[in-house]
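User: I've got a model open and want a quick tour. Can you take me through it?

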Amino acid sequence: MLTRIPERYLVPLYRVEDVRRREQASFAQEGESYAMMHRAGEALYRHILHHNASLKHLSVVVGGGNNGGDGLVVAALAAQDGIEVTVYDCSSKPRTGDAEYAEKVAFGYDTIQITRNIEALNQDPGQVVVDGLLGIGFHPPISEDLANAIAAINQKRAQGAWVVSVDCPSGLDVETGRGALLVEADLVVTFIADKLGHYLLDGAVACHQIVMESLQAVDLLNRPTAYFLTPAVLENYPPCLRLPNSHKGTYGHVTVLGGDLGFGGAAIMASEAAAKSGVGTVTLMTQSRHLSASLMRNPNVMCVSPEDIGLGDTLRSSESVLVIGPGLGRTEWSERNWQAFLATEGPAVVDADALYWLGVYGQPMGRPAVLTPHPGEAARLLQCSTADILEDLVGSAQQIATRFQSVVILKGATSVVVNQNGDVVILGQPCPALAKGGSGDVLSGMVGACLAYYHEPFEAAVIAAAWHNMAANKASLVIGQISMQPYQLLDYLE
Ligand SMILES: NC(=O)C1=CN([C@@H]2O[C@H](COP(=O)(O)OP(=O)(O)OC[C@H]3O[C@@H](n4cnc5c(N)ncnc54)[C@H](O)[C@@H]3O)[C@@H](O)[C@H]2O)[C@H](O)CC1
Ligand SMILES: [K+]
């Protein structure tokens, strides 16, 4: 999948149906199912004690399903150790199966306080809350009483409590990563396998830390739906790794084509991003009236207008990477440049309004390429709504990759990078400082530089997108989430 990045840096992620299949296979092999629930409770309790060595009081909020069953096992284990436990029972109907058995065990301890009044959580002396309301059996939309319980847990956390979620933050749709109202979890102890939704959209924001406990589940060796890239790997893979005995030719050439009237900054930022990512040489092709601004800002970037020199003449070799789109616009000038692009060969990064023209012209890329849509641009490429894209980020990115025969970076709080072979890498930590115009322009230039250096589009896309996110998170810590400008992340690439 990735040729340079070792697999140990990749966390395998699965869909709910795969987790359920492994769960069922394990029950069949073991001849019973409660043992696994008990192991889930034990694992949770171990993590709770690890983070709270002098635990005196535990608040356990439980729903009516097996997620609540896991929570009840924890309640019983804590009671056994003499810890004061209050169980907030939010079930709406009698428990069945393993959860019913866990209830019988837990409620057998007369030291466990049981209440159905979730409003009382506020006054609870405990500062550690177990969120066992909803797990992988949750199907949105959420009922009003469970929404109240989630709000109560979040309020308790806002007052300083430490919250551990059983399997997933309640209210999270672990398939899509969406959650209209969900628990914010200091720690998520997830079972059997890591789920996709923990790393996407609202899930990526709500899960502050995740640990996986496999519970000795049978491994059916099914292919993970995706992998999450841990940022530590990036130390070894900078955008363009500097080699002692090297020259500018070692690092390749990038041409950025864009910057129609009114959008000059986008193409200037993309070219600056390519240059600061360490590529050997950069050319900017933009509207003539933007040339002096670029020369003033980045004299190391060669610049020219496409009216003066043809695109084919600036792409100095087939190794040259063309980044098309930042500020390209949708005018006659823009379309002329899109057509000039189609007449060239060689690796390309297609971003912003070039994705609009790609949708209009509609043909597969026919060259090594990376497309960098945000969900709105992805929706236009697939002729669906943005809501459809958010319902299935991985599937949507894969559809675009297949239709246009290219690598795709579907951008978001975390980004989904896919290739035509079905490989999927999710990466990044949410960085609200990037929710500004210009972030995408910077990314496209970085992808161009990485493509020029690493050559392989999937690897280049993963490395560029991961560095873009990591550098932005570093920069925003120093500069601030509000005032940080996207191009400032370029000073944090090493
Ligand atoms: N041995 C085992 O069974 C193990 C289970 N594990 C844990 O089980 C959950 C999955 O359990 P399941 O019973 O299938 O579902 P949940 O508890 O997540 O939810 C079902 C529960 O929630 C109610 N519900 C569903 N949607 C809504 C909604 N929109 N609004 C309100 N209520 C809703 C539904 O009616 C049920 O009462 C898994 O996550 C693990 O935590 C472990 O894997 C160990 C082995
Ligand atoms: K939960």
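Analyst: Let's start in a strand: serine 415 lies in S18. Keep in mind that this is a predicted model.

User: What does serine 415 touch, leaving out residues up to four places away in sequence?

Analyst: Ile409, Leu410, Leu427, Gly428 and Ala465.

User: Which residues does UniProt list for "binding site"?

Analyst: The UniProt entry, which is unreviewed, gives Lys411, Gly412, Ala413, Thr414, Ser415 and Gly440. They span 30 residues in sequence, but no two of their C-alpha atoms are more than 13.4 Å apart, so they gather at one spot.

User: Where is lysine 411 placed?

Analyst: In the loop between strand S17 (407–410) and strand S18 (415–418). Lysine 411 counts as buried, with 24 C-beta neighbours inside 10 Å. Beyond residues up to four places away in sequence, lysine 411 touches Thr372, His374 and Gly440.

User: Now asparagine 469. Which helix is it in?

Analyst: H16, residues 457–479. Asparagine 469 is buried, with 26 C-beta neighbours inside 10 Å. Its contacts, not counting residues up to four places away in sequence, are Leu427, Gly428, Gln429 and Cys431.

User: What about H15: how many of its residues are buried?

Analyst: 16 of the 16, so H15 is largely enclosed by the rest of the structure. At 1.5 Å a residue, the 16 residues of H15 (439–454) should span 22 Å, and the end C-alpha atoms are 22 Å apart. Just after H15, histidine 455 has a positive phi of about 70°.

User: Where else is there a positive phi in a residue that is not a glycine?

Analyst: Aspartate 167, at about 70°. Aspartate 167 sits in the loop between strand S6 (162–166) and strand S7 (187–191). Leucine 221 also has a positive phi, near 55°. Leucine 221 is in the loop between strand S9 (210–213) and S10.

User: Are those two buried or exposed?

Analyst: Aspartate 167 is buried, with 28 other C-beta atoms within 10 Å. Leucine 221 is exposed, with 5 other C-beta atoms within 10 Å.

User: And which peptide bond is cis?

Analyst: The one from proline 140 to proline 141, with omega near 5°. Proline 141 lies in the loop between strand S5 (128–132) and helix H5 (144–158). Most peptide bonds are trans.

User: Back to strands. In what order do the 12 strands of the open sheet run?

Analyst: S8-S1-S10-S19-S18-S17-S16-S15-S14-S11-S12-S13, with mixed pairing. S8 (194–195) and S13 (301–304) stand at the edges with a single partner strand each, so one side of each is left without a neighbour in the sheet.

User: How do S1 and S10 pair?

Analyst: Antiparallel, over 4 bridges. Valine 11 stands opposite phenylalanine 228 in S10.

User: Last topic. How many residues surround ligand 1?

Analyst: 27, and the closest are Gly65, Asn66, Asn67, Gly135 and Gly137. The shell divides into 13 nonpolar, 11 polar and 3 charged residues.

User: Which helices each supply at least two residues of that shell?

Analyst: H2 (34–51) and H3 (66–80). H3 gives the largest share, 4 residues.

Definitions and conventions. Residues numbered from 1 in each chain as written. Chains lettered and ligands numbered in written order. Predicted model: local features only at pLDDT ≥ 70, side-chain atom pairs only at ≥ 80, totals over all residues. Buried ≥ 20, exposed ≤ 12 C-beta atoms within 10 Å, placed from the backbone. Contact = placed C-beta atoms within 7 Å. Near = placed C-beta within 6 Å. Nonpolar A, V, L, I, M, F, W, Y, C, P; charged D, E, K, R; others polar. Expected span 1.5 Å × (residues − 1). UniProt positions renumbered as here; feature names shortened; annotations may be inferred. Pairing = 2+ DSSP bridges.
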